[in-house]
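Dear colleague,

I am handing over the structure we spoke about, with the sequence alongside. Please have both open while you read the notes below.

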Amino acid sequence: CVASRQATCGTDCIPVPWLCDGEQQCPDGTDEQCGQGASTLSVPSVCGAKKVQCPGTHHCIPRWELCDRHQDCEDGWDEEGCPQQPCLPGQWQCRNRVCIMTKWKCNGIDDCGDSSDEDVCAPCPSGMVRCDEGKCILESLMCNDEDDCLDGTDEPSTCGELCVTAGHCPCGWDQGQLQRCPVSHHPSAVRPTPPVLSSPAHRLTPIPHLSCPRTHVPCRDGTECVAQEYMCDGEQDCADGSDEDGCAQLCDTPGRSCFQYRCGLGTCLNASLVCDGQQDCADGLDEGGDCSVPCQRSCAHLCYPSPQGPRCWCDPGYQLAEDGLSCMDIDECTEQRERACSQTCLNAPGSYSCGCLPGYLLEPDGHICKLTGPEPILLVAVQSEVVSYGLRSGREEVLLTTDKDRIVFSLDYDLVERKVFWMDLTTESIRWQDLDSGKKGTLVKGVRSDCIAVDWLGRNLYWTDGAAGQVLATRLGTAWRGIPEYTVVMDGDLDQPHSLVLQPLSGLLYWSEVGSHPRLVEAAMDGSRQHVLLAEGLGWPTALALDLPTWRIFWLDEKLGSFGSVRLDGTSVKILKLGWIQSPFAAAVWEGQLYWSERKTWSVQQVDKISGKNRTVLLKRHGQPHGLQVPTWGSPEPCCTNGCAKSNGGCAQLCLPNP
């Protein structure tokens, strides 16, 4: 085993983070014999018992950051010697690279979102065979010297003695299993020629038996579909890489320098390849013409020859000005926004730098900020329970349980008194429980709501009533005395208000409407100064989540099967239509991930909040998930513009902030 990175587990090795993580990986259970010397690993004392030191530096990282598929040490040491499997033990990788629990395969439910966990339960279509991993591939891809199966089972060592029948030889495939052939029947003699890419504009060749959604494109091997937004984005999404074929030289590829030389067919060359005596453009436009004319222009940075005469060229981080001579700085912070830095961005001549908000540390990659302190926890309402899920460790714990016939619907968390509040549909009441003492209570009865939200600073609780078209509020400290004590904050012109999120530090609230004219709206917490953030491109925005570090609000749309975000000033709208969003109920954003509950598949899932990629099923229990929240543990420090934060704003009863 790799020293300091792996531990012995019988005859195998396991990563250090799997020690004492609450799940037994070793058959004899020695990986969970914590504190008994069986699984202890010497850790450099400079970092303490719960951290490890990056070699050659004074940088310490928590043990859970080892093998987390993210480089935390500058030299990438924390990701060396890690298991090569894309999913954790006990998980299975779907065709779309989503990881689900192995036991969810063949359970009659599409947990993957692309049905690959259920497809493996049925025979492959005619003309296709199954990889050991589960997916089906074309017979013609067998023994083609390329790993079309993720596990490489389509390229066995016996390829020289195997053939594909297809009517050409008596041996071959029998219900997806290989049969040995005489060497004279070599498959190369009968294997069909793979599709040829005619041009970058037609990279993927559709396969007749594969049907993709309108917003997706089939991969060349015919085994999967990818979203149109993922074409030529610099990341391989098709297993065969066909979504990136021919993209490397496209001038309009995101992030590609705009000052490179453009060929006639739209491809792009580095300026150093122009007029070098060798034809690099397919149309030959990079040679000849005025290539021999010397560079005598007054270029601000560099000058290079071209068939059209000498041209100026700018250093990285700059772009050529309209005069064709001077160079202008590229403001990466404005043009790339969240893709440049996860939180704050400072532009500089020819470059930029990233920064983090208080409570966060900048990762070694110089772009991503990670929260310091205790592990963030995702609270999820599942049927009659509230479950906590560790966003780093994956640990699950039932925090509270109600009566079996009651459903915990929407929920939120009070940072000050460490209480969980939830909507109880059965009793039409809003209830609470103290996580420290276990004490329970009822805040208000006779209400019915799709969403509740806690103003932990102003000490109020808000909720929406879609049927009545209202937003209402009550004091957090209210005790039920048989008479409802709440006030209507907004009424009249609301068209089925649904999801609701608060920004207590600024005294603002945001809600979605799912009526005949869906929209996202902002207002002060007293209902004044209503302002429509977005009223286009929406169907049923049923789940909202605030991301204050990037100053954006996210939503998931049940009708359109999409998720999107918009800045809190109503600008920079981004929408991704993805077929696997089916019935979202609630959402939350934490660091670089978007989390949401899916009622139809009884699961909680996550994706990259910017690209929509790396979808993972985090939680799946026996019951429908509804509300979820990522609370910030610890004592908050009141500040800013919430006028009710101090002495209840001087009010005897309910105080509603108006910043």
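Among contacts in the chain between residues at least 6 apart in sequence, 36% join residues at least 24 apart, where contact means heavy atoms within 4.5 Å. Please keep in mind that this is a predicted model, in which local features need pLDDT of at least 70 and side-chain atom pairs count only at pLDDT 80 or more, while totals for chains, interfaces and linings use all residues. Residues are numbered from 1 along each chain as its sequence is written, and side-chain values use heavy atoms, with hydrogens and water left out.

The chain has 659 residues, of which 48% are buried; buried means under 20% relative accessible area, exposed over 50%, and partly exposed in between, with a 1.4 Å probe and protein chains only. Its secondary structure comes to two helices and 46 strands, these being DSSP runs numbered from the N terminus (helices H or I, at least four residues; strands E, at least two).

UniProt, in an unreviewed entry, places the feature "domain: EGF-like" at residues 294–328 and 332–370, and such annotations may be inferred rather than shown by experiment. Residues 294–328 are 0% helix and 31% strand, with the end C-alpha atoms 24 Å apart, whereas residues 332–370 are 10% helix and 38% strand, with the end C-alpha atoms 21 Å apart.

V408 lies in strand 26 (residues 408–414) and counts as buried because its relative accessible area is 0%. Leaving aside neighbours within four places in sequence, V408 is in contact with several residues, including A381, Q383, W422 and H626; the C-alpha atoms of V408 and Q383, 25 residues apart along the chain, are separated by 5.8 Å. D424, in strand 27 (residues 419–424), is likewise buried, because its relative accessibility is 0%. A polar atom of the D424 side chain lies 3.3 Å from the backbone nitrogen of T427, and beyond its neighbours within four places in sequence D424 is in contact with R406, I407, S429 and R431.

R262 belongs to strand 13 (residues 261–262) and is exposed, because its relative accessible area is 52%. The C-alpha atoms of R262 and L285, 23 residues apart along the chain, are separated by 8.9 Å.

Most residues other than glycine have a negative phi. R459, which is not a glycine, has a positive phi of about 65°; R459 lies in the loop between strand 30 (452–455) and strand 31 (460–465) and is buried at 17% relative accessibility. W602, also not a glycine, has a positive phi of about 55°; W602 sits in the loop between strand 43 (593–598) and strand 44 (603–608) and is partly exposed, with a relative accessible area of 33%.

W602 is also one of the residues lining the second largest cavity, together with V380, V382, V604, L619, K620, R621, G623 and P625. A cavity here is a set of points on a 1 Å grid over the protein atoms alone where a 1.4 Å probe fits but cannot get out, and lining residues have an atom within 4 Å of a point. By class, its lining has six nonpolar, one polar and two charged residues, where Ala, Val, Leu, Ile, Met, Phe, Trp, Tyr, Cys and Pro count as nonpolar, Asp, Glu, Lys and Arg as charged, and the others, Gly among them, as polar.

Technical notes
On a 1 Å grid over the protein atoms alone, a cavity is a set of points where a 1.4 Å probe fits but cannot get out, and a pocket is an open set with protein on both sides within 12 Å along at least five of seven lines; lining residues have an atom within 4 Å of a point. A polar contact is a pair of N or O atoms within 3.5 Å; within protein, one must be able to donate a hydrogen and the other to accept it, and residues adjacent in sequence count only if both atoms are side-chain atoms.
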